[in-house]
Every structure is written in C-alpha cells, then in structure tokens.
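Welcome to my notebook. Please have the sequence and the 3D view open while you read along.

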Amino acid sequence: MRRNTLLNPPDWRHDTVLPLPPEVNAQAWAVDAACSGNPGPMEYQAIDLQTGEQVFHFGPVYGTNNIGEFLAIVHAMALMEKNNITGKVIYSDSVNAALWVRKKQCKTKLRHDASTAQLYNIIGRAEHWLKTHDVSDIPVLKWETKKWGECPADFGRK
C-alpha cells in the first residue's frame, strides 16, 4: 500500500492524517484516474481520506481518463458493498464519470477493437454491476479542485 506523505494534519482536523478543508467529509474515499495521452495508458486509484492509504489501484491499460474515472467510482462502490462498508462517501473530480454512474452507462467514444477489448469487457461488467446493485446509499460527491486543490487520489502528473 502506498502511504500519503502528508502526515501533519492542521490543528482543526483530528479525524484524518490528510490536511483536508473543513467542509470535506473525511469518512470518504477519493478516486481519480490518470492517462498518458487520451487515449493512452490509463490507471486509477482510491485513497482513504482518514488514513491516506491507497485502497486500490488498477492499471495501466489502454483507455481514456473519463473511463478510468468511471471505473474508479464503480470499483469503490463495489468494494464498499462487498466489505459491508457503510457511512462513507466517494469523492471524484469528474462530472462526466459521476453522470455516467448515475445513468449506469459509460458513454465513451473510445474505439472498440482488439486493443480495447479487455477494457470494454471491464466496462461491461461495471455497467452490469451498476444495473444489478442498489447504490443509492453511497453518495458520490464532487471534489472541488478549484476550492480545495488537487484530489488526494491525483497521480500528480499535470
């Protein structure tokens, strides 16, 4: 597991090791994706905002940033359900991915060929999972990058 290096929380936060703005719910996982080129090698991860620990990491696979953001949210939801984790929220900085999750469909324009077949299989599984599971009790909140800075799950490659 990767440990976040921000280990000195400000005085006003005692529920997390990350320096989070007071309006951010620390009972959360932050998700983000990175893509070298778009499309290109894509990966995504989740970071627990209380511990700074990496919850999961996937990739790299050939894809797009929006697909990675979508899959990261679904992966987080599925892991929370599988492990009976309740009371947490998911933060994502992607409006598109959150919309795709709500609509239970990844609306990507990525070409579908041999180079993307594995990823399209994963997308199909994610869409099926969303359609067969009630995730209404897992809030997906917008990470407000302009107000709060980069998402804690950001890969830092900008």
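These entries record what I looked up, starting with the overall layout.

**Ground rules**

I am working with a predicted model, where local features need pLDDT of at least 70, side-chain atom pairs count only at pLDDT 80 or more, and totals for chains, interfaces and linings use all residues. I number residues from 1 along each chain as its sequence is written, and side-chain values use heavy atoms, with hydrogens and water left out.

**Layout**

I found 4 helices and 5 strands in the protein. I take helices (H or I, at least four residues) and strands (E, at least two) as DSSP runs, numbered from the N terminus. Along the sequence I read the pattern β-β-β-α-β-α-α-β-α.

Next I looked up burial. I call a residue buried under 20% relative accessible area, exposed over 50%, and partly exposed in between (1.4 Å probe, protein chains only). By that count, 47% of the 158 residues are buried.

**Strand β1**

How many residues of β1 are buried? I found that 8 of the 8 are, so β1 is largely enclosed by the rest of the structure. I then checked each face of β1. Ala 28, Ala 30, Asp 32 and Ala 34 are buried on one side, and Trp 29, Val 31, Ala 33 and Cys 35 are buried on the other. A reminder to myself: in a regular strand the side chains alternate between the two faces of the sheet.

**Who pairs with β1?**

I count two strands as paired if DSSP finds at least two bridges between them. Strand β1 (residues 28-35) pairs with β2 in the antiparallel sense over 7 bridges. Strand β4 (residues 89-92) runs parallel to β1, and 4 bridges join them. Here I saw Trp 29 standing opposite Ile 90.

Strand β2 (residues 40-48) is mostly covered, with 8 of its 9 residues buried. I followed β2 to β3 (residues 54-63) and found an antiparallel pair joined by 7 bridges. Tyr 44 has Phe 58 as its bridge partner in β3.

I noted two hairpins. The one made by β1 and β2 has 4 residues between the strands, and Gly 37 in its turn has a positive phi of about 90°. The one made by β2 and β3 has 5 residues between the strands, and Gly 52 in its turn has a positive phi of about 80°.

Most residues other than glycine have a negative phi, and most peptide bonds are trans. I went looking for departures from that.

- Asn 38 and Pro 39 are joined by a cis peptide bond, with omega about 10°; Pro 39 lies in the loop between β1 and β2.
- Gly 59 and Pro 60 are also joined by a cis peptide bond, with omega about 10°; Pro 60 lies in strand β3.
- Asn 84 has a positive phi near 50°. I place Asn 84 in the loop between α1 and β4, and its relative accessible area of 66% makes it exposed.
- Lys 104 has a positive phi near 60°. I place Lys 104 in the loop between α2 and α3, and at 27% relative accessible area it is partly exposed.

**Salt bridges**

How many salt bridges does the whole structure hold? My search turned up 2, taking a salt bridge as a side-chain nitrogen of Lys or Arg within 4 Å of a carboxyl oxygen of Asp or Glu.

Lys 88 forms one of them with Asp 48, and the closest N and O atoms are 3.4 Å apart. This pair links distant parts of the chain: Lys 88 sits in the loop between α1 (65-82) and β4, and Asp 48 in strand β2, 40 residues apart. Both Lys 88 and Asp 48 are buried.

Arg 111 and Asp 113 meet in a salt bridge at 2.6 Å, N to O. Arg 111 is partly exposed at 43% relative accessibility, and Asp 113 is partly exposed at 30%.

My last entry is on Leu 130, found in helix α3 (residues 117-132). Is Leu 130 buried or exposed? At 1% relative accessibility, Leu 130 counts as buried.
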